[in-house]
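Morning, everyone. I have one structure to show you today. Please take a look at the screen.

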Amino acid sequence: MLHSADMGTGALKGNLVVGQAGGPTAVINSSLAGVIQEARRHQAIAGIYGAAHGIEGVLKEEFYDLGREPLSTVKALRRTPSAILGSCRRKLTAAEYERVLSVFRAHNVRYFIYIGGNDSADTAHQVSALARDRGYELRVMGVPKTIDNDLPFMDHTPGYGSAARFLAVATMDAGRDSEAMRTVDKVKILEVMGRNAGWLAAATALGRRTLGDAPHLIYFPEKPLVEEHFLSDISAVYREHGYAVAVVASGLRGPSGQELVAMGGAMFTDSFGHRQLGGVGQHLTQLVVENLGLKARYEKPGSIQRMFISCVSSVDAQEAYLVGKMAVRRAVQGGDDAMVTILREPGTEYRISIGQCPLSAIANAERRMPPEYINETENHVAAAFVSYALPLIGGPLPEYARLGGWRVAKRLA
């Protein structure tokens, strides 16, 4: 059944291009499936094209004909990790934006759906603004995507719930490993993604059921790390439990704003000016060894944390599909230069609604963890964060056993 926007004589008719950008997630292809499924329902949309590697595919005029994909393949996208079209991180020049518009004209593209985060919103906004300036009727909608959960004007972003679930389970398992090996490995430091926001680091606490469970300590980019305080925290946890597990975000900074990285750590800067961070776990591990004399090691899940499909959140996957559908629906109904957003409805039961905000408000902006989500000592989450995040990870986490601890009496002195 067609929407009313399709039935009117003024409906904008043409082809649709969809692209994926930025770091892939476990559910970005669910959003793509939503775009394809919804686009097929609208008579105004003639062809559905997928841009190979995001905006770079548009520049090179490299498109996949998604309209030819069987329904079984489109449905399978919802169970497929990473970005099936290929992704990119590309900041365009003025000449390249003109090229994008020329390609869209040549292919009669009237709808552009871009699935991505902060930087992708900027790209989509610039395309929309140029089309208006040149008098070319084009409707541009953004679909939110980032495990960092740092897009403003929305409750959370698709991709975060699945990454949060993976990190919660990974930390539970790493904690049990440390507990078993505490006679040898005294301290373990887990370094997770998070340039300026601590949403992912915070998620590692979601599987914690007792005070003795990992993670014992969490440190966030929102709060500068004082190394003396960090060492004091580690020492206190070690004295109490005989081992310590700490989680740190890759973007941790010291009191003067300096990045905490290992000596000689390589740094790559992308075209948006973002430096590739890493090494804070190694740096803090060295700090523990040198100052506390404890054997320590660090773990870094790396890119696997953003697209591990075996830990996908059912809530996350469903919402990712929904925002893909809604972006197309709103574009057909006249929406332009906007990103669809996920809003949480008030009340004790978890419910959402779909809103939208201007792409310019999302572009290059970041939403950090609010102060009320971090505890008073600035080394763990507060209860408010757990209440916020638990509905997003899609059901209960594993339950692990513990022995009763009954010891056999010694017979030798």
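One definition before anything else. When I sort residues, Ala, Val, Leu, Ile, Met, Phe, Trp, Tyr, Cys and Pro count as nonpolar; Asp, Glu, Lys and Arg count as charged; the others, Gly among them, count as polar. Also, please keep in mind that this is a predicted model.

Now use that sorting on a pocket. The second largest pocket has a volume of about 210 Å³. It is lined by 16 residues, and the closest to its centre are Arg176, Gly207, Asp213, Tyr400 and Arg402. How does the lining of this pocket divide into nonpolar, polar and charged? Four residues are nonpolar, five are polar and seven are charged.

Let me step back to the whole chain. The protein has 13 helices and 11 strands. Its C-alpha trace spans about 95 × 45 × 35 Å along the principal axes. The radius of gyration is 24 Å; a compact globule of 413 residues would come in near 22 Å, so the two agree.

What about burial? Of the 413 residues, 55% are buried. The protein exposes about 18,200 Å², and carbon and sulfur atoms supply 52% of that.

Contacts next. Take pairs of residues at least 6 apart in sequence that touch: 78% of those contacts join residues at least 24 apart.

Start with Ala363. It sits in the loop between H12 and H13. Is Ala363 buried or exposed? Its relative accessible area is 15%. The cut-off for buried is under 20%, so Ala363 counts as buried. Leaving out residues up to four places away in sequence, Ala363 touches Asn118, Ala121 and Asp122. Thr123 is 240 residues from Ala363 in sequence, yet their C-alpha atoms are 8.1 Å apart in space.

Now His380. This residue is in the loop between helix H12, 359–362, and helix H13, 383–389. His380 has 7% relative accessibility, so it counts as buried too. Which residues does His380 touch, not counting those up to four places away in sequence? The list is Ala205, Arg208, Pro215, His216, Leu217, Ile218, Phe220, Ile374 and Asn375.

Notes:
Residues numbered from 1 in each chain as written. Predicted model: local features only at pLDDT ≥ 70, side-chain atom pairs only at ≥ 80, totals over all residues. Heavy atoms only, no water. 1 Å grid on protein atoms, 1.4 Å probe; cavity = no way out; pocket = protein on both sides within 12 Å on 5 of 7 lines; lining within 4 Å. Points joined across faces, edges and corners; volume = space filled by probe spheres on them. Helix = DSSP H or I, 4+ residues; strand = E, 2+ residues; numbered from the N terminus. Buried < 20%, exposed > 50% of the residue type's maximum accessible area, 1.4 Å probe, protein only. Contact = heavy atoms within 4.5 Å. Rg over C-alpha atoms; globule rule 2.2 N^0.38 Å. Areas by Shrake-Rupley, 256 points an atom, 1.4 Å probe, with all protein chains shown as cover.
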